[in-house]
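Subject: Structure handover

Hello,

Here is the structure I said I would pass on. Please open it next to this email; my notes follow below.

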Amino acid sequence: HLIMLRVKNEKNEPMNIDKPIKKTKLLSDCVNPKLENHLNNLLKQKNYKSIRNIAIVQGLDNNNLRKKIWPLLLNIKFEKINLEKFESEKLPNPKDDPVVDADNYRSLNDFQFSTEERNYYRKKLRKIIRASLIIKQKYYFQGLQDLAGILLVVCGSNIACGMLIQLYDLHLRCHVAENLDPITKFMDLIPVIIKNENQSFAQVIENSQFKPFAVSWLLTWFSHNISNFNEICRIFDFLLATNPNMILYTFANLLLMNSDLINENSDDDCTLIITIKNLPTNIKDFELFLNNSNTLYSKFPIEQIIEQSQFNFDSNYCKSLEWEQVAHKNEENEINGSTNEKRKKIPNFRKMIVISTILLFITLF
C-alpha cells in the first residue's frame, strides 16, 4: 500500500507520482500501526530518548514519521531558509561551482521520475546544496548529491537544508574539508576496529586496498550503492540516531560479516576488489546488520580505537563530545521541562495553603 506524495511543477500544478520506482519517492504506508501510534505518542510527550532508541533498534516505520523525527535526532530548530538568495553567490571554493552543476545534472537517475519530476527535484537539490555550503562555508564533495537527495525526497527542501547544515558539523565533518585527506585518514580506523574482532582478517583488509570502493559507502551512507529506497532510509534512521563515527563501524561490520567470502577471494587482487565493491548489495538482513554494527561500537568505543591506532587525529574529526551535547540536548530539555512544571505546581500549592490559613484566621477571629 502506498500513499501518494504530491509535488508541484513549475506551473504550480500538482503532479501525481503513480508508479512504483526503484528508489521510490512514494511514501510507504504504515507498516506497523502499533509502532506508528507509539512513536506519535512519544512525539506528543517529547520523549526524545525513547524515539532515538527506536530509530536505532527498530527504525521509524515510514517516511511521514521520518520527516518529523529525522530533524529532531539532530536537534534542529525549524527556521525558514531563503534558498533563492544563495543562487547568485559563489561557493566557498569557486572551483566547486561547475562540479556541483555537473553532479546535479547526473543526480536522481535511480529514481524513475518523469523528466519533469526529475528536473523539479534537481532544481531543489542544487539549491539546498549551495545554500548549506555557503551558510557553513564548507567544501563540496562528490557524493553529497546522493545523500542530500535522500533527505530532500523524504523531508522536503527546507528541512533537508537545515539537516545538512547540522550534519556538516557532525556526521559529515570529514567530508566537507578542503580535501579528502581527513576521509582517507578516518578510514584508516576501519582495520583497527576489525583487529579487535579478528586480527588475521584485519591484515587481509589492510592489504586489500578497499578504500577506493568503501569511500563511496562513507560519503553517501550507502545510498549510492544500494537501490532499495526503504533499506537506505533504514540505514539513515540508524546513522542519524547514533554517534557520527558509527559509519566506520557499519563498514567494519559489513567486512566482518563477509569475512569468509573475502578470505576465499583474497589470493587474486582483481577478484578481491570486485568482491568488496559488491558487498553492500549482498546485505540480506538489515536489522541484524545494523544491530551487529551497534554492538561493535559498544564493545570498542571510538576513543579506544583512536588510542589503539596511535594516529595523530584532529579531535574535530573523531571525538564525540559535540555529538553527545547535541544528541542529549532534547532529552535535557525534556527533563528540565518536566522539572519546571513541577516547580510551577509547588508555588501554586503553597499559595493555596497561605490563602486557606488566612481565611481560617479571619473566620476564627
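Over which residues does the pLDDT stay under 50 while the model still has 53 contacts beyond four places in sequence? The stretch is residues 1-22. Keep in mind that this is a predicted model. Residues 342-347 also have a pLDDT below 50, but this stretch has zero contacts in the model beyond near neighbours in sequence. Across the protein chain the pLDDT averages 81, and 77% of the residues score at least 70.

Overall make-up. The protein chain contains 19 helices and four strands. Of its 365 residues, 49% are buried. Its accessible surface is about 18900 Å², and carbon and sulfur atoms supply 50% of that. Among contacts with a separation of 6 or more, 75% join residues 24 or more positions apart.

The core. In soluble globular proteins, nonpolar side chains tend to be buried together. Here the largest nonpolar core has 107 residues, and Trp70 and Ile128 are those with the most contacts inside it. Leaving out residues up to four places away in sequence, Trp70 touches Leu60, Ile150, Leu151, Val154, Cys155, Met163, Cys233, Phe236, Asp237 and Leu240.

Helix α17 spans residues 302-309, and its residues Ile302, Ile305, Ile306 and Ser309 are buried. They lie on the same side of α17, because they cover an arc of only 100° around the axis. After α17 comes Gln310, which has a positive phi near 60°.

Asp61 is not a glycine, yet its phi is positive, near 75°. Asp61 sits in the loop between α2 (48-57) and α3 (63-73). Is Asp61 buried or exposed? Asp61 counts as buried, because its relative accessibility is 12% and the cut-off for buried is under 20%. Asn75 is not a glycine either, and its phi is about 55°, again positive. Asn75 lies in the loop between α3 and α4 (96-106).

Regards

Notes. Residues numbered from 1 in each chain as written. Predicted model: local features only at pLDDT ≥ 70, side-chain atom pairs only at ≥ 80, totals over all residues. Heavy atoms only, no water. Buried < 20%, exposed > 50% of the residue type's maximum accessible area, 1.4 Å probe, protein only. Helix = DSSP H or I, 4+ residues; strand = E, 2+ residues; numbered from the N terminus. Arc of directions from axis to C-beta. Core = buried A, V, L, I, M, F, W, Y, C linked by side-chain atoms within 4.5 Å. Contact = heavy atoms within 4.5 Å. Areas by Shrake-Rupley, 256 points an atom, 1.4 Å probe, with all protein chains shown as cover. pLDDT = per-residue confidence, 0-100.
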